[in-house]
Every structure is written in structure tokens, then in C-alpha cells.
Amino acid sequence: MLIDQTNLKYLTAKYLFSNTPMYLYQHYRRNVSLQNLAIKNKPETLAEEFKRITSKETKSLEETVTAYSILMSFTFLDYGKAFELLNSLAVSKLEWGTELKDIYNANKKVWNILRLTPVPLKFRQEQIKSQSSTNIVTLGTKPKKKEVS
Amino acid sequence: MIYIPNDNTIALQTRKGTDIPNSQILEISQFEIRQYTDIERDYRYAVFRTSPSPIYNCHGLTFASRRTGIYEIEALHRIINDDGYKKIKTEDVLPGDIIIYYGENGDIEHSGVVLSKPDKLLKIPLVVSKWGKYREVIHMANNCPYNFGSIEYYRVTNDVDRPN
């Protein structure tokens with residue numbers, strides 16, 4: 001059995017009371033047992049089990065929940081592998097399989113790393129030609145010879 | 001855009017004439033029905049008022065008169081906006097208002113119709129809602145499989161003019 005009874009009961013309840021694919025997606029993503037499913041099993045093994053279940057004309061409730069669980073476990077893999085698996089499987093054989101795949105694709109995050117390199121600052125200091133003692137410091141220009149009236 | 005309904009879709013629009021994507025699920029397995037029956041024991045104080053029906057979901061009950069299921073979150077926001085729903089404070093809630101349950105990520109995860117004013121102590125109303133493909137259930141708003149931690153109430157307070 002891929003999923004223990006306690007988690008299977010939880011996942012079954014969430015499946016039964018889902019009103020939208022997004023509800024199913026969010027709650028299955030929060031279930032740690034699905035993350036473990038992805039870690040402890042080879043993706044190819046899970047994919048084979050998914051195909052076996054979805055090829056059946058009549059699926060038991062446990063099989064349906066297991067198939068959804070396998071599909072969602074792939075979303076914990078790195079994006080390239082997940083994308084490959086989700087596209088190779090006939091996800092449409094599950095009622096909300098296509099929707100879950102679409103939600104996954106819509107939620108994938110692209111990370112941009114912005115690296116800042118410190119730029120040395122050049123500044124010049126000039127004294128205002130007045131009796132005040134205010135100094136003006138201008139950043140980014142070459143230092144100029146100080147003029148004093 | 002021409003909206004072409006398929007076999008399991010009906011023509012459904014908001015007050016402003018915006019098409020609402022919808023879908024009627026036609027099957028519910030005996031496995032599922034048996035499992036639902038087991039889970040009923042966890043909600044002893046709820047009243048299960050109809051037989052199971054996959055044709056409509058909770059949003060179909062709240063916004064489409066039980067004719068079909070509405071599954072897209074975007075469509076729900078469109079309905080709330082186009083139909084003139086306004087948010088209502090808990091202390092002002094009346095029968096007929098709708099209750100929206102939000103998930104932890106802020107998405108709408110459930111909806112229902114208020115049946116009674118919230119009690120003065122706990123401020124929790126009695127509602128009727130559809131639990132997935134299963135039955136319609138009359139229950140205290142916090143006694144259901146959905147997140148009561150984040151809920152809002154809405155009411156259509158005035159008419160929205162349909163553009164010419």
C-alpha cells in the first residue's frame with residue numbers, strides 16, 4: 001500500500017468534500033505523506049501504478065484517491081521531472097486530472113536571482129562661496145580641486 | 001467570444017451578461033456514497049436534507065439554483081462583482097445572505113446560504129450548503145469540512161444596471 005491508512009482516510013475525506021479542483025490541489029499539497037510518496041518511490045513506479053489504476057473501467061474510491069495522490073506527489077519533484085511526468089500520463093482519465101495539471105503549471109514559480117555588485121563611489125566636495133559653512137557633496141563625479149574665495 | 005455549451009454545460013450568465021463557465025458531473029459511484037455515509041457520523045448535529053447529487057456543487061447551489069456546478073474561482077469573483085453582492089458584517093447577517101469560506105491561501109473553497117441570524121454569543125449562523133458531490137446539509141457554519149477560520153458574508157443590496 002502506497003499510502004498509510006490514516007493519511008488515506010484524510011485524503012479520501014478531502015476528495016469527497018472538494019467543491020473545486022483548487023480545493024483538492026491545495027489540501028493535497030499540504031499533506032506531507034504525498035511529499036514522502038514522491039521521495040520514497042521511483043517516479044516510474046508511481047507512474048506505472050497511476051496507469052494501472054486509470055486504465056480500469058471501474059475504480060474503487062481508494063484507487064481513485066491513490067491516483068490523485070500519485071498525480072499530486074509529482075508536483076513535489078523538481079519542475080523538469082514533474083513536467084515530463086505530468087505530460088506523459090493520461091491525467092484526463094481522472095475527473096479533475098487536467099485541471100490539477102493546469103493549476104500546477106500556473107503556480108510554478110520562476111526564480112530570478114539579482115546579484116548586486118558594489119560600485120565604488122566618487123565624490124567631490126566644494127565649499128559655497130559665501131560665509132556659510134555648508135558643504136555640498138555630489139556623488140558620482142570626479143573630485144575637483146577645492147576653490148576657496 | 002461565442003460561448004458554446006457542451007453536453008454537460010448549460011448557458012449561465014451573471015447579471016451583466018458575462019458567461020459563467022460551469023459543468024454538470026453526471027456520475028457518483030457507490031463507493032463514494034458509502035464513504036460519505038461513514039463520514040456522516042462525524043457530523044451528528046448536521047441535517048442531511050437531500051440525496052447525493054453530483055450535478056451541482058456548493059457554488060452551484062449558492063449561485064446557480066442547483067442547476068449546475070461552478071468550479072472556477074475567477075467565475076465566483078465575477079458573479080460576486082457583477083451581481084452586486086456587498087460584504088456584510090457578522091452582526092448584520094440575515095437569512096438569505098450567502099456565506100463564503102476561504103482557504104488558507106485566500107481562495108474561495110466553499111459557499112452556502114444563511115438560514116438563521118448568528119447567535120449572539122458565538123456569532124455563528126445556521127447555513128445550508130452542498131458538500132462536494134454529496135448531499136445538501138443544514139449545519140452550523142463552523143460544523144463542516146471547510147475552513148471556518150476565514151469566512152465572509154455577502155448580500156445583494158441593490159440592483160446592478162445592465163448595460164445597453
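Student: Which count of residue pairs in polar contact do we get between chain B and chain A?

Tutor: A polar contact is a pair of N or O atoms within 3.5 Å; within protein, one must be able to donate a hydrogen and the other to accept it, and residues adjacent in sequence count only if both atoms are side-chain atoms. Here there are eight such residue pairs between chain B and chain A, both residues at pLDDT 80 or more. This is a predicted model, where local features need pLDDT of at least 70, side-chain atom pairs count only at pLDDT 80 or more, and totals for chains, interfaces and linings use all residues. Residues are numbered from 1 along each chain as its sequence is written, chains are lettered from A and ligands numbered from 1 in the order in which they are written, and side-chain values use heavy atoms, with hydrogens and water left out.

Student: How many salt bridges does the rule find across the interface of chain B and chain A?

Tutor: The rule wants a side-chain nitrogen of Lys or Arg within 4 Å of a carboxyl oxygen of Asp or Glu. It finds two across this interface, including Glu95(A) with Lys133(B), whose closest N and O atoms are 3.6 Å apart.

Student: And what area do chain B and chain A bury between them?

Tutor: Buried area is the accessible area (1.4 Å probe) that two parts lose on being put together, summed over both. For this pair that's about 1,800 Å², 62% of it on carbon and sulfur atoms. Phe31(B), Tyr71(B) and Glu109(B) supply 25% of the area that chain B buries against chain A, more than any other three residues.
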